[in-house]
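User: I am new to this structure and would like to learn how to read its features one at a time. Could you give me the general idea behind each feature and then the case at hand?

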Amino acid sequence: MATVERNTPHDAPDPSATALRLGLAVGGAVFAFGLYGLLRNSAQTVPLDVLKWIAGPLILHDALVAPAVLAAGLVLARLLPVAIRAGMQATLTVCAIVVVMSVPVLKAVGRRPDNPSLLPHDYPQNLAVVIAVILTGGTLLTLARAARARRAGA
Amino acid sequence: MKHPEDPVAFVAKRLEAHRPTGPFGEGAFSNRLHDERIAARLGMALGVAFVTCFATGLASHFAQHPLDVGFLSTPASPSWLYRITQGVHVTAGIASTPLLLLKLWTVYPLLFTWPPARNAAHATERMFVAPLVALALFQLFSGLANTTRWYPWQFNFTVTHFWTGWMLMGVLVIHIGAKLTQTRRALRTPLQRSTDPAPARGELSRRGLLWTAGAAVAAVTITTVGQTFRPLEGLAALAPRVPDIGPQGIPVNRTANGAGVLQTARDADWRLTIDGAVAQPLELSLADLRAMTQHEVELPITCVEGWSAGARWGGVRIADLLARAGAADGAEVVVTSMQTRGSYRSSALNTIVAGHEHTLLALDINDEPLHLDHGFPCRLIAPNRPGVLQTKWVTTLHARI
């Protein structure tokens with residue numbers, strides 16, 4: 001069995017002791033160098049603030065985002081007809097990623113009245129167009145696949 | 001148990017009988033896409049992207065904070081080098097974000113592994129997963145926010161992003177070492193073996209998920225890469241910059257207003273001072289500069305935030321100005337701006353760049369006098385150089401040996 005069989009702790013092979021030790025030695029040194037630099041430049045790096053922004057997204061993701069995405073996946077699987085389910089799941093996944101990554105330009109916090117070259121687009125409108133293109137393309141591909149599967153099955 | 005003496009294994013064995021329910025329960029995550037073959041393939045791509053980001057990030061750091069030690073000095077040519085490395089840096093960061101999100105989805109069930117660690121080696125591996133995920137999310141979020149100049153935090157972005165980059169590389173190396181055996185097994189295993197049940201009707205296949213990842217990477221890349229890759233400018237619908245939007249068709253990072261030079265830059269009494277290690281300190285007016293031999297160069301203005309735009313610059317060679325003031329051979333130059341705000345008031349030119357024929361004190365951009373926001377009356381433009389070091393609203397050239 002090569003799946004990520006969680007809860008079957010005997011499945012995943014133990015790391016090679018050499019690779020683990022080598023990784024710890026090299027990676028540990030690199031990490032320590034970074035941490036040292038971060039702390040040594042604390043006037044600029046504000047380590048407590050960094051800690052907040054490092055731990056925050058992790059907790060946000062693991063406690064809220066991931067369960068919400070899994071739940072949404074379950075709901076979608078119920079709502080979508082079998083013939084187009086996989087294709088539309090893939091399409092909507094791409095859409096969701098594009099939307100999440102567009103949050104900074106949608107917020108456009110950095111926009112300044114004296115600098116029209118910064119964040120020059122109408123991002124809500126552009127995002128709507130991009131999503132429409134992905135949805136259209138994904139739906140067409142999904143329908144084409146479904147039609148092919150029906151022909152093959154018939 | 002392989003290591004009967006291992007205390008972690010000892011505890012794990014006793015915990016096994018007390019499995020909690022909920023997400024820890026058997027079969028709590030049924031989707032077959034939570035699979036090490038997917039995790040390993042996404043992980044390989046992520047590893048390549050992260051190492052690329054780190055290498056190009058180092059290049060950018062040393063371009064901004066030159067070591068100036070022999071061969072480590074930032075070279076003046078090729079002039080487009082920084083444009084490429086910084087474009088790749090931001091593009092690879094954007095492209096790796098969908099991979100990270102999908103990989104986290106794939107391995108999320110492992111968060112609820114029971115027993116939490118089966119032996120000391122497993123405990124070591126798991127201990128570094130949280131910092132790895134946290135630092136990866138932090139690097140990608142802070143970098144993406146910076147491209148839009150969104151700073152919801154207190155720390156200085158460039159300094160912090162640099163040091164957390166080292167920390168991320170460190171835990172990544174540890175993770176690769178700990179996962180090497182499993183990753184090699186997973187990569188050797190085909191996505192769909194003859195022994196695997198065929199995907200049920202309506203079920204996304206493992207290959208399908210990887211195609212989804214590819215499509216997501218393509219979507220976020222195509223809609224942003226035009227900010228630095230001109231042929232795709234028309235598709236850059238979600239890019240925070242467009243290479244031809246701005247005064248005189250070139251974007252601006254710091255405006256004259258933002259730099260606090262609206263009055264001083266337009267002062268008719270403005271003079272360029274050339275001092276320091278020179279035989280004859282000079283004070284030159286704009287007319288004096290115009291009267292000197294004018295040169296033209298095609299050079300990009302490249303911002304650390306990932307956009308770049310090429311332009312044709314006209315003006316006086318720094319080398320000519322140094323020669324006119326009788327600066328010593330091999331002098332370095334500190335270029336200082338009249339701006340009162342911002343951390344990039346001055347920048348240094350090493351010997352190679354100061355003497356380079358393409359290093360200009362530019363007066364014109366695309367055959368027009370510089371717009372106030374581009375640094376009127378004159379700005380520095382030099383090859384292979386981050387935009388923040390192309391000092392605008394120049395008042396002083398200070399030669400030093």
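User: Is Gln248(B) buried, exposed or partly exposed, and how many C-beta neighbours does it have inside 10 Å?

Analyst: In general, a residue is called buried if 20 or more other C-beta atoms lie within 10 Å of its own, exposed if 12 or fewer do, and partly exposed in between, with the C-beta atoms placed from the backbone. Gln248(B) has 17 C-beta neighbours inside 10 Å and therefore counts as partly exposed. Gln248(B) sits in the loop between helix H7 (206–222) and helix H8 (256–259) of chain B, where helices (H or I, at least four residues) and strands (E, at least two) are DSSP runs numbered from the N terminus. Its phi is near 55 degrees, a positive value in a residue other than glycine.

User: Before going on, what kind of model is this, and how are its parts numbered?

Analyst: This is a predicted model, in which local features need pLDDT of at least 70 and side-chain atom pairs count only at pLDDT 80 or more, while totals for chains, interfaces and linings use all residues. Residues are numbered from 1 along each chain as its sequence is written, and chains are lettered from A and ligands numbered from 1 in the order in which they are written.

User: Where does Asp367(B) lie, and does it count as buried or exposed?

Analyst: Asp367(B) is in the loop between strand S7 (360–365) and S8 of chain B, and because it has 9 C-beta neighbours inside 10 Å it counts as exposed. The phi of Asp367(B), near 70 degrees, is a positive value in a residue other than glycine. For a further case, Arg324(B), found in helix H10 (residues 318–325) of chain B, has 16 other C-beta atoms within 10 Å and is therefore partly exposed. The C-alpha atoms of Arg324(B) and Arg184(B) are separated by 64 Å, the two residues being 140 apart along the chain.

User: Which peptide bonds are cis at Pro115(B) and Pro377(B)?

Analyst: The angle to look at is omega. The bond from Trp114(B) to Pro115(B) is cis, with omega near -10 degrees, and Pro115(B) belongs to the loop between helix H3 (81–107) and helix H4 (120–127) of chain B. The bond that joins Phe376(B) and Pro377(B) is cis as well, with omega about 10 degrees, and Pro377(B) is placed in the loop between strand S8 (368–369) and strand S9 (379–381) of chain B.

User: How many helices and strands does chain A have, and what is its radius of gyration?

Analyst: Chain A has 6 helices and 0 strands. The radius of gyration is taken over C-alpha atoms, and the globule rule is 2.2 Å times the number of residues to the power 0.38; a compact globule of 154 residues would come near 15 Å, but chain A has 23 Å. Its C-alpha atoms fill a box of roughly 65 × 60 × 25 Å along the principal axes, and 27% of its 154 residues count as buried.

User: How do H4(A) and H6(A) cross, and is the crossing left-handed or right-handed?

Analyst: Axes are lines fitted to C-alpha atoms, for helices over the stretch in contact, and angles run from 0 to 180 degrees between N-to-C directions. Angles under 35 degrees count as roughly parallel, over 145 as roughly antiparallel, 65 to 115 as roughly perpendicular and the rest as oblique. The axes of H4(A) and H6(A) come within 9 Å and cross at roughly 160 degrees, and the two helices are therefore roughly antiparallel to each other. Their crossing is right-handed, a crossing being right-handed if the near helix is turned clockwise from the far one by less than a right angle, and left-handed if anticlockwise.

User: At what angle do H3(B) and H5(B) pack?

Analyst: H3(B) and helix H5 (residues 129–147) of chain B pack at about 140 degrees, with their axes 10 Å apart, which means that H3(B) is oblique to H5(B). The crossing of H3(B) past H5(B) is left-handed.

User: How many residues does each chain bring to the contact of chain A with chain B?

Analyst: Two residues are in contact if their C-beta atoms, placed from the backbone, lie within 7 Å. The contact takes 71 residues from chain A and 88 residues from chain B, and H1(A) gives the largest share of the side of chain A that touches chain B, 15 residues.
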